[in-house]
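Dear colleague,

I am handing over the structure we spoke about, and below it I have written down what I found when going through it. Please read the notes with the structure open beside them.

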Number of protein chains: 2
Amino acid sequence: MQSFEIDKSDLQRIKTALEGDDAGLEVVLQEYHASEIAILFEKLPQEDKERIINLLPVDEASEVLSEMTEEAHPEELLLNLDPEKRSDIVEELDYDDATDILSQLEEHEQHEILQDIDQEDAHNIRALLKYDEDTAGGIMNSEIIKVNINLNKMQALDEVIRQSEEMEEFYTIYVVDDADILQGIVSIKSIIKARHDARVSDLVIRDFVYVKAELDQEDVASLISQYNLTTIPVVDDNMKLLGRVTVDDIIDVMEQESTEDILKISGVSEDEELSGNWKEAVKSRLPWLIVNLGTAFLAASVIRHFSDVEERLPVIVAYLSIIGGMGGNAATQALAVTVRRISLSDLSDRQAYTTVFKEFLVGLINGAFNGLIVLVFACLYDENPLLGVVLFLAMTGNLVVAGLTGAGIPLILKRVGIDPAVASSIIITTFTDCIGFLLPLWLASSLLL
Amino acid sequence: MQSFEIDKSDLQRIKTALEGDDAGLEVVLQEYHASEIAILFEKLPQEDKERIINLLPVDEASEVLSEMTEEAHPEELLLNLDPEKRSDIVEELDYDDATDILSQLEEHEQHEILQDIDQEDAHNIRALLKYDEDTAGGIMNSEIIKVNINLNKMQALDEVIRQSEEMEEFYTIYVVDDADILQGIVSIKSIIKARHDARVSDLVIRDFVYVKAELDQEDVASLISQYNLTTIPVVDDNMKLLGRVTVDDIIDVMEQESTEDILKISGVSEDEELSGNWKEAVKSRLPWLIVNLGTAFLAASVIRHFSDVEERLPVIVAYLSIIGGMGGNAATQALAVTVRRISLSDLSDRQAYTTVFKEFLVGLINGAFNGLIVLVFACLYDENPLLGVVLFLAMTGNLVVAGLTGAGIPLILKRVGIDPAVASSIIITTFTDCIGFLLPLWLASSLLL
């Protein structure tokens, strides 16, 4: 099987089947994996999605819902289903997936759904709903395999097999004491390979990595990535075992965090849904643009301040946009490299200084090189070598400022505890616009006029 | 254990220990996990790293090397080790990790290292070295657990336990026929739970996801993410089983792809190492800046073309930078959202049209809103309502162009098979600069003068 990409033939098949009767539609649906149906759902209207979910067996329907992206709003689909079908699906969902979906609903809607389902399931989902969705508790799954530390090998194996009935995959078995306090981990491999009279307490590994439920999901992802884990146990303040986070949940977290980085650095609110409508996009971007408008007026005031220079040397106006724009782009380059570097690993003070110094050097060299091109152009085209020298100095100076701010501002923000990606290109380019206009105008007024 | 962050005390401890004798250093090293030592290595000079690697037991040393980031250049460390120690470490490394490290060396260096190690290991590593490092073959691990489809339950279990001796984790067991052709998968759980007289052929699941060795790693990552897999088998064109890709390798791939997206969109060559030196940074960014300089001259030529407008209405000059800059930032916003969206999922033609239309609307509204602010300012400050109207129209027009190009250009590039992230902000802002200067100058010359 190769990667599933929706092509028109798949969509056409489903649409044709949707025009026919349920029996025919069921046959077509059987050929698709739940995650494929979830993708097809992005292209289907609400009523067709409901009809398909109603036709699918409960386990398949719940898998489709859990595979739908947050942006496809599985919670709306769920809410519109017939209450009985809905309860069956919610009971079938993994607790963490059910929690993810329900957390998008209003409290009274959550209540309405949870009161109809098995009370143990409802209790577990309610417990998960109280964690912030961006924390370890919010992404953990509370269905885990755990054995008491006092069992012997055969009891442990029986217990593992019994508990694994409901689980698709098990990798690590958690070892707890009578009070459910996490004592360590044990692998199924070591249980199978152990002598018959071995006890769990002989096999338990007590040196292991765990997280508290409140830990930010980004930190959970770094831990899983750093220690090459496939799962990580989640505990409360008393080391009581609450659940586990699996690596496949982390993949979603990482996609989300990368998206947020890219959006923030580009001056888009991190909450904007990529496939959201125009209203959300305006709400997310207009505030940044208004901030930018304010800073643009600031940069423009530099030009107004030197209006006599423009009158006496009108040709400089065309160069202002070049020097300002080049500074903005050089700053964006330095910013992207620095923000991404910070987001992948913490930098020591020494590394921070080195980074800023590197960007200073890069700005100096790139500035001098581009400044030289502008100098040559001013000599040949405008026949004004002195103007060329002014522009050379201004370009070099502005690209140095670009490097220093592009690297320095996110590093400073990180030090004072503000998300460095907030130092979006919109903020940084204010500096390079102001300096990019100020330097040539001020140099020209001092040296040429 | 909470997330490991290098703080000064850790680094100071290691540095103090490095001043002392080997015995004391060994004691300190025992307290750190291999991945922690790999992080500490980023702050230590080459000779200290070599001393530490030489002190560590072979299994620990090889894990440190495999945990070092590509940018920390584990291959240089390896190359400088004493040949005997080096051979032991390479033999201990997982094949995929050994391949990753060796692939960074020259061919004669690879040969020198491989000729000294166990010939079977060398053979397997050579086989992996021939795959492009960005493909399934390049990231796969060839150490897998596989059982012949004709075994019975107890034989299969014995075989799994035997093969698992050398593996840290096993999730899925691959089922092959006598010619090593992949027939399906079987879980350890189903083997343990099967009746004693069951055969592998009764337990095998024949509906499974696999990839060809040549598949791009980004597609492997999407498959693993889409189907919530922890491993995926890699086969050749004849369905012969070559190895598997595990989800922890995918995490590295995803980090790398996100970094490349962020860098490209910001006009930085995707090969620039985040912690690279200034020479690499200049090499990676100068070409883009020179392209930008060319396009900036183009935008500046618009200003030159309308030099009579500036002479007769000098106040317009300050507004040009505002309208051009706002367009650039609005385009960057649209670009970030669109590029990220394309990189997470393919868009249908219909979705592509909807996206461009959405960005058109967003540009219209954000443009009109900001245009209105500028209009008010021009009325109050410059007492020139007609100029205000010109600026209002220009701002609105430029932000519409920003939305159309920010969304449209990456979508068009994707359609013709070019990486959409290449539509960096540098390229897109050329449009918004040119249009941002052209619109107010042309409108002013038509309507005002």
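Glu272(A), Arg285(A) and Glu359(B) are linked in a network of salt bridges, in what is a predicted model.

One is formed by Asp349(A) and Arg415(A), with the closest N and O atoms 2.7 Å apart. Asp349(A) lies in helix 20 (residues 349-380) of chain A and Arg415(A) in helix 21 of chain A, so the pair ties together parts that are 66 residues apart in sequence. Here Asp349(A) counts as partly exposed at 33% relative accessibility, and Arg415(A) counts as partly exposed at 43%.

The other is in chain B, where the side chains of Arg86(B) and Glu112(B) meet in a salt bridge at 3.5 Å, N to O. Because Arg86(B) is in helix 7 (residues 83-92) of chain B and Glu112(B) in helix 9 (residues 107-114) of chain B, the pair ties together parts that are 26 residues apart in sequence. Arg86(B) is buried, with a relative accessible area of 3%, whereas Glu112(B) is partly exposed, with 36%.

Turning to the annotations, the unreviewed UniProt entry gives "transmembrane region" for residues 286-304, 316-339, 360-380, 386-409 and 421-443 of chain A. Of these spans, residues 286-304 of chain A are 100% helix and 0% strand, with end C-alpha atoms that lie 26 Å apart, while residues 386-409 of chain A are also 100% helix and 0% strand, with end C-alpha atoms 34 Å apart.

A nonpolar patch on the surface is formed by Leu386(A), Val389(A), Leu393(A) and Leu447(A), which together have about 340 Å² of accessible area. Helix 21 (residues 385-415) of chain A gives the most to this patch, with 3 residues. Leu447(A), for its part, is found in helix 22 (residues 425-447) of chain A and is partly exposed, with a relative accessible area of 49%.

Over residues 204-260 of chain A, the chain is 42% helix and 23% strand, and the end C-alpha atoms are 40 Å apart.

Helix 15 (residues 217-226) of chain A contains Asp219(A), and this helix is mostly covered, with 7 of its 10 residues buried; among them are Val220(A), Ala221(A), Leu223(A) and Ile224(A). Asp219(A) instead counts as partly exposed, at 32% relative accessibility, and is one of the residues that form a negative surface patch, including also Asp216(A), Glu218(A), Asp252(A) and Glu270(A). Just after helix 15 of chain A, Asn228(A) takes a positive phi of about 50 degrees.

With best regards

Technical notes
Residues are numbered from 1 along each chain as its sequence is written. Chains are lettered from A and ligands numbered from 1 in the order in which they are written. This is a predicted model: local features need pLDDT of at least 70, side-chain atom pairs count only at pLDDT 80 or more; totals for chains, interfaces and linings use all residues. Side-chain values use heavy atoms; hydrogens and water are left out. UniProt positions are given in the numbering used here, feature names are shortened, and annotations may be inferred rather than shown by experiment. Helices (H or I, at least four residues) and strands (E, at least two) are DSSP runs, numbered from the N terminus. Patches are made of residues with over 30% relative accessible area and no salt bridge: like charges are joined within 9 Å, nonpolar side chains (Val, Leu, Ile, Met, Phe, Trp, Tyr) within 5 Å. Accessible areas come from the Shrake-Rupley method with a 1.4 Å probe; for residues, only the protein chains shown count as cover. A salt bridge is a side-chain nitrogen of Lys or Arg within 4 Å of a carboxyl oxygen of Asp or Glu. Lys and Arg count as positive and Asp and Glu as negative; His and the chain ends are not counted. The place of a charge is taken as NZ of Lys, CZ of Arg, CG of Asp or CD of Glu. Buried means under 20% relative accessible area, exposed over 50%, partly exposed in between (1.4 Å probe, protein chains only).
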